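Let's take a friendly walk through a protein model, one piece at a time. Have the picture open as you read.

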Amino acid sequence: MNTMQILEPARPARGGYKVDVSRGERNGRVSSEWFNRPDDERYLSLDDLWASVKARSERSTSRIVETAKIQVEASRDNAERLQLILPKADAPLAPTHWAFGQLASLVGAPASYLRQLPAPLAGINLQYGLSGHRAEQIKTFETEDGRTELRAVTGPDYGRIYDHELVQAVQRIAGNGTGDTRWKVPGTLDWSTGVYNPDVDITRDTTTLYASDRDVFLFLVDDHNPIEAGKLPDGSPDLYFRGFYCWNSEVGAKTLGIASFYLRAVCQNRNIWGQEEFQEITIRHSKYAASRFAHEAAPALTRFANSSPSGFINGIKAARQQIVARTDEDRETFLRKRGFSKLEAGKIIDKVLVEEGHPAESIFDFVQGITRLARDKTQQDTRLELEGKAKKLLERAG
């Protein structure tokens with residue numbers, strides 16, 4: 001296990017750390033989660049989150065059944081209030097909104113269309129589809145919570161990774177996620193001062209620990225241990241923090257994934273600012289998904305949590321030191337050879353001059369100029385393409 005090497009700068013008088021979020025990339029993934037989660041999907045600690053999804057798992061069972069033997073009952077007007085009677089089941093199953101959509105997809109019937117039909121007619125369509133389902137078998141995921149709900153319907157080879165397994169893997173490195181280890185719910189950037197304060201109370205409005213009936217999502221940072229990777233134009237340290245987020249759906253709504261990166265700040269809306277070195281692992285819930293999680297994803301998370309930032313720091317330093325242009329002609333030629341138009345090259349050169357205070361010379365200068373240009377783009381595809389080019393330049397320099 002590598003030893004963490006952190007450079008500890010002095011804190012400003014007001015507390016927190018002065019950061020420059022105009023550098024690097026902005027990542028809105030966590031902000032999207034934060035914006036769309038109601039209060040009952042927000043948790044204040046990893047212990048609370050784990051207890052909730054673990055208890056749900058303990059009330060759940062899974063089985064493989066022959067589709068031809070499933071009976072559909074439509075006793076109410078609402079198509080989504082259908083009930084399924086499975087062979088040897090103790091009681092009818094009430095599909096959740098998500099499971100209803102999965103069931104419709106498996107039998108080749110548009111869920112939106114079925115939801116508009118009278119329940120008896122929707123039931124007839126589903127029954128017909130099940131009787132002729134070519135795969136012949138499905139895997140159900142049923143949860144007892146006052147009534148027995150059908151939470152998921154998948155193919156028989158679906159490799160379920162339980163939500164509590166991912167949360168538990170995070171607990172091994174992050175404890176409760178509230179500051180008992182170096183990994184915690186992030187603080188907040190003060191836009192008026194440019195100071196990032198890691199010490200913010202964890203409330204339902206600030207938390208980044210989420211779970212719904214179909215997924216979990218967690219975002220944690222190591223924001224009491226800043227990393228200095230060079231200097232800003234004014235001579236102050238360019239500070240980064242380490243962060244990661246991960247997600248899973250035990251009912252098949254999304255893959256399992258883990259993303260790690262370096263960042264400069266997190267704002268009140270939970271946007272990630274100044275992101276660098278983004279790395280992602282995703283695992284589909286295929287037949288051997290649980291084994292891949294145990295042998296690939298969970299160890300990768302632990303390695304990142306305990307790794308030294310020296311490789312990242314050295315890469316940034318190498319990019320700063322690698323001079324590739326001395327004149328305006330050199331600058332334009334460098335960018336044109338890497339697929340930028342003459343207009344784009346001019347904008348990148350201008351942005352570096354204005355925001356860095358000197359003409360672009362190093363790989364790092366050009367990377368900063370490209371990422372700033374990316375932020376000006378409204379089309380996501382164009383922005384991602386520019387960010388990808390910037391990342392490749394930085395990787396080659398390292």
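A residue is called buried when its relative accessible area is under 20%. Keep in mind that this is a predicted model.

**A helix on the inside**

In helix H11, the buried residues are Ile363, Phe364, Asp365, Phe366, Val367, Gln368, Gly369, Ile370, Thr371, Arg372, Leu373 and Ala374. Because twelve of its 14 residues are buried, H11 is largely enclosed by the rest of the structure. Its length makes sense too: at 1.5 Å a residue, H11 (residues 363-376) should span 20 Å, and its end C-alpha atoms are 21 Å apart, which agrees.

Next, look for an open sheet of three strands, in the order S1-S11-S10, with antiparallel pairing. Strands S1 and S10 are the edge strands, each pairing on one side only. Strands of a sheet pair through backbone hydrogen bonds. Between S10 and S11 the antiparallel pairing runs over three bridges, and aspartate 190 stands opposite valine 195 in S11.

| S1 | 17-18 |
| S10 | 188-190 |

Finally, find lysine 139 in strand S8 (residues 137-144). Leaving aside neighbours within four places in sequence, lysine 139 is in contact with several residues, including Ser62, Thr154, Tyr158 and Arg160.

Terms used: Residues numbered from 1 in each chain as written. Predicted model: local features only at pLDDT ≥ 70, side-chain atom pairs only at ≥ 80, totals over all residues. Heavy atoms only, no water. Pairing = 2+ DSSP bridges. Helix = DSSP H or I, 4+ residues; strand = E, 2+ residues; numbered from the N terminus. Expected span 1.5 Å × (residues − 1). Buried < 20%, exposed > 50% of the residue type's maximum accessible area, 1.4 Å probe, protein only. Contact = heavy atoms within 4.5 Å.
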